[in-house]
Amino acid sequence: MKSIVFIFLQIIVLMTVGCKQKKESSTSVAKSEHKFATDAVTCHSSIPKRFATATQGDTIQPSGKVFSKEGMVKVVGGSFMMGGDNDQAVEDEYPKHKVTVNAFYMDKYEVTNGQFRKFVEATHYKTVAERVPDWNELKKQLPPGTEKPAPETFVPASLVFTPPKSAVDLNDYSSWWSWVPGADWRHPSGPTSNIKGKDNYPVTQVCWDDAKAYATWAGKRLPTEAEWEWAARGGLSNAIYPWGNESIGEGKPRANFWQGHFPNLNTKTDGFYGTSPVGSFLPNGYGIYDIAGNVWEWCEDWYGNDYYKEIKNGAINPTGPSKSFDPDDPYTPKKVARGGSFMCNDSYCSGYRVARRMKSSKDSGMSNMGFRCVAQE
């Protein structure tokens with residue numbers, strides 16, 4: 001399916017459906033018989049994007065402090081088979097390939113509202129969602145000849161999850177995403193919302209640029225996609241989830257995900273409708289919390305749909321392709337995000353699988369997007 005232009009609240013926002021709806025009986029990858037998931041509906045690719053925004057003058061310098069190991073865990077180095085583990089896997093998760101990573105430290109928890117507030121207070125940083133979109137940047141991500149939207153559409157805004165009251169076509173994500181002026185990290189659902197009393201919740205409505213700025217200030221960095229997956233696996237070999245192979249819907253809730261019918265009915269079996277306080281569920285084998293569910297987490301790497309094929313013979317400390325390419329949205333460079341969110345379930349999105357890859361334009365913040373940091377020894 002080619003890119004489609006959606007209208008959100010009478011504000012023109014260009015988004016990419018990116019759902020390939022080809023029904024194939026099987027696909028051969030790396031001479032294997034693996035059959036890719038052929039669902040047209042998947043949060044892996046059905047992610048909207050915001051207007052591009054200029055970032056001049058917002059370069060953040062390191063704070064000068066040596067990064068603190070407080071709140072971090074050491075992830076030992078090692079080798080593993082990176083990529084899809086079950087029949088929910090999609091094409092860009094294959095072929096599985098051997099990857100070796102060096103030891104590093106990773107935040108136990110996703111970066112919280114309280115932590116992000118300290119960063120903003122120290123640097124006076126303004127997130128992308130708080131800035132006026134820049135047409136000169138936006139048009140670089142669009143097909144040639146795209147008309148400029150009306151001037152009144154260029155206001156600070158972000159993408160907000162707005163669940164419908166009844167079942168909708170899951171191919172049309174404009175049914176549950178809205179472009180909301182005034183939505184930002186302090187007001188994640190719009191200008192009348194706030195984060196009072198939620199300092200220990202993951203910060204959201206932060207784009208990749210915002211996450212990168214925070215990490216730089218903290219003397220840390222964003223994890224590579226390989227580091228993230230190695231850490232998420234928690235020492236388990238070829239397991240589907242951070243806790244093993246038991247389905248996410250079996251037994252005691254292991255992560256914050258969507259129970260019920262997405263996107264209109266969440267039964268809150270896990271105790272939460274939206275995001276949850278960090279550390280609400282048991283950690284994985286490395287002592288890392290919320291590595292599955294709650295919010296998607298930005299990684300350092302550019303997204304490339306064929307990158308795993310490029311390194312199919314193995315790689316040491318891979319850092320992703322030199323530039324991004326997504327055939328479903330060829331004009332928009334994208335970064336990788338991992339881990340799934342509170343909006344994921346098996347009927348729509350199995351983002352909590354350790355091998356699941358997600359992609360989004362680096363200037364896009366959303367209700368279910370956050371991050372955590374890493375650092376070298």
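This is a predicted model: local features need pLDDT of at least 70, side-chain atom pairs count only at pLDDT 80 or more; totals for chains, interfaces and linings use all residues.
**Helices, sheets and ring pairs**

Visitor: Are α1 and α3 roughly parallel or roughly perpendicular to each other?
Guide: Axes are lines fitted to C-alpha atoms, for helices over the stretch in contact, and angles run from 0 to 180 degrees between N-to-C directions. Here α1 and α3 pack at an angle of about 75°, with their axes 11 Å apart. Angles under 35 degrees count as roughly parallel, over 145 as roughly antiparallel, 65 to 115 as roughly perpendicular and the rest as oblique. That's why α1 and α3 are roughly perpendicular.

Visitor: How many residues of α3 are buried?
Guide: The buried residues of α3 pack against α1, β9 (296-302) and β11. Among them are Trp-208, Asp-209, Tyr-214 and Trp-217. α3 is largely enclosed by the rest of the structure, because the buried count is 8 of the 10 residues.

Visitor: Which residue just after α3 takes a positive phi?
Guide: Just after α1, His-124 has a positive phi of about 60°. Just after α3, a positive phi of about 75° belongs to Gly-219.

Visitor: How far apart in sequence are the parts tied together by Phe-116 and Trp-185?
Guide: There are 22 aromatic pairs in the structure. Phe-116 and Trp-185 have ring centres 5.2 Å apart and planes at 70°, so the pair is edge-to-face. Phe-116 lies in helix α1 (residues 113-123) and Trp-185 in the loop between β8 (177-181) and α3 (208-217), so the separation is 69 residues.

Visitor: What kind of pair do Phe-161 and Phe-342 make?
Guide: Their ring centres are 6.1 Å apart and the planes are at 70°, so this pair is edge-to-face as well. Phe-161 is in strand β7 (residues 157-161), and Phe-342 sits 181 residues apart from it, in the loop between β11 (334-338) and β12 (358-361). Rings of Phe, Tyr and Trp (its six-membered ring) pair if their centres lie within 6.5 Å; planes under 30 degrees apart count as stacked, the ones between as tilted, and those over 60 as edge-to-face.

Visitor: Which ring does Lys-198 lie over?
Guide: A charge sits over a ring if NZ of Lys or CZ of Arg is within 6 Å of the ring centre and within 35 degrees of the ring normal. The charged end of Lys-148 does this with Phe-154, 5.9 Å from the ring centre. Lys-198, at 5.1 Å from the ring centre, lies over the face of Tyr-201.

Visitor: In β12, what is the bridge partner of Lys-335?
Guide: Two strands pair if DSSP finds at least two bridges between them. β11 and β12 run antiparallel and are joined by 4 bridges. Both faces of β12 are covered, with Met-358 and Ser-360 buried on one side and Lys-359 and Ser-361 on the other. The partner of Lys-335 is Ser-360.

Visitor: What angle does α4 make with β4?
Guide: An open sheet of 3 strands, with mixed pairing, runs in the order β4-β5-β10. Its edge strands, each pairing on one side only, are β4 (78-82) and β10 (315-316). Helix α4 (residues 225-233) packs on this sheet, touching β4 and β5, and its direction makes with that of β4 an angle of about 95°.

Conventions:
Residues are numbered from 1 along each chain as its sequence is written. Side-chain values use heavy atoms; hydrogens and water are left out. Helices (H or I, at least four residues) and strands (E, at least two) are DSSP runs, numbered from the N terminus. Contact means heavy atoms within 4.5 Å. Buried means under 20% relative accessible area, exposed over 50%, partly exposed in between (1.4 Å probe, protein chains only).
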